[in-house]
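Welcome, and thanks for bringing your viewer along.

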Amino acid sequence: MSLKATILIATASAAFASPAMARDDAQAWGAGTANVDLGGGFRASSETVLRFSDNRGGLYEIEENLMVGYKPSKQVTVWLGYTHNPQYDHGDFTLMERRFRQQVNVDNFAAIGKLKLSGRVRLEERWREGQGGPAWRLRPFIKASVPVAGKVNLVASHESFIDLNTNSFQRIGGEERMRNFVGLAAPLSKKFGIEAGYLLQHGFVRNGPDNHDHVFSVALTGNF
């Protein structure tokens with residue numbers, strides 16, 4: 001079996017495997033990111049994410065992520081940023097979450113033939129209006145990419161959400177959820193690219209059925 005087929009089958013199996021008691025939701029996520037080179041190794045990033053849910057009656061979450069990064073080497077970028085995150089349920093505003101974000105990205109840190117591995121470690125402190133904070137959360141992320149046709153790449157990724165403390169709204173402690181993704185990525189022009197595919201978000205629920213969000217995800221990125 002080829003390496004590309006092995007990656008696809010393994011990731012899809014992990015994504016679709018679910019307990020019989022899991023609660024499922026069909027969702028669609030769209031993201032747009034603009035990265036700007038500021039010179040001297042510095043860069044700025046603005047990412048807008050819109051999330052839609054069947055169970056929550058349409059648009060339920062907006063994320064605006066603003067970040068400033070510094071690139072000390074070709075492969076490593078260190079970032080600091082802020083997330084503005086209003087949330088909704090069936091069109092009604094429910095809560096406002098704000099986050100302070102620190103992360104380190106490492107691009108192409110390993111290769112196996114044509115397959116390339118990249119990763120990221122993100123630390124977040126979260127506050128919710130009327131519910132206090134901070135809630136500390138660690139988000140390690142790893143991504144594999146391999147060419148399948150021309151400039152089109154098969155991509156697969158895994159991200160864990162690990163709660164480092166508990167409070168009124170962060171109650172799990174340890175791994176709260178994970179996201180597994182498989183899809184295709186391709187350039188649209190010299191400055192723009194697209195990535196689209198299937199994402200499974202598995203939420204761990206103590207003393208109850210776990211949650212599964214089956215997501216069609218599409219992301220556009222521009223580099224300037």
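Among contacts in the protein chain between residues at least 6 apart in sequence, what percentage join residues at least 24 apart? The figure is 48%, where a contact means heavy atoms within 4.5 Å.

Before you click further, a word on ground rules. This is a predicted model, in which local features need pLDDT of at least 70 and side-chain atom pairs count only at pLDDT 80 or more, while totals for chains, interfaces and linings use all residues. Residues are numbered from 1 along each chain as its sequence is written, and side-chain values use heavy atoms, with hydrogens and water left out.

**Stop 1: colour by confidence.** Here pLDDT is the predictor's confidence in each residue, from 0 to 100. The protein chain averages 91, and 90% of the residues score at least 70. Now select residues 3–21: pLDDT stays under 50 there, and the model has 28 contacts beyond four places in sequence for this stretch.

**Stop 2: colour by secondary structure.** Helices (H or I, at least four residues) and strands (E, at least two) are DSSP runs, numbered from the N terminus. Walking from the N terminus, the order is α-β-β-β-β-β-β-β-β-β-β-β. The radius of gyration is 18 Å, close to the 17 Å that the globule rule gives for 224 residues, so the protein chain is as compact as a globular protein of that length. That radius is taken over C-alpha atoms, and the rule is 2.2 Å times the number of residues to the power 0.38.

**Stop 3: show the surface.** Of the 224 residues, 37% count as buried. Buried means under 20% relative accessible area, exposed over 50%, and partly exposed in between (1.4 Å probe, protein chains only).

**Stop 4: select G133 and P134.** A cis peptide bond joins these two, with omega at about 0 degrees. P134 sits in strand β7, which covers residues 132–149.

Stop 5: H90 is in the loop between β4 (76–89) and β5 (92–112). Although H90 is not a glycine, its phi is positive, at about 50 degrees. Is H90 buried or exposed? With 53% relative accessibility, H90 counts as exposed. Move on to N108, in strand β5. N108 too is a residue other than glycine with a positive phi, near 50 degrees. Its relative accessible area of 39% makes N108 partly exposed.
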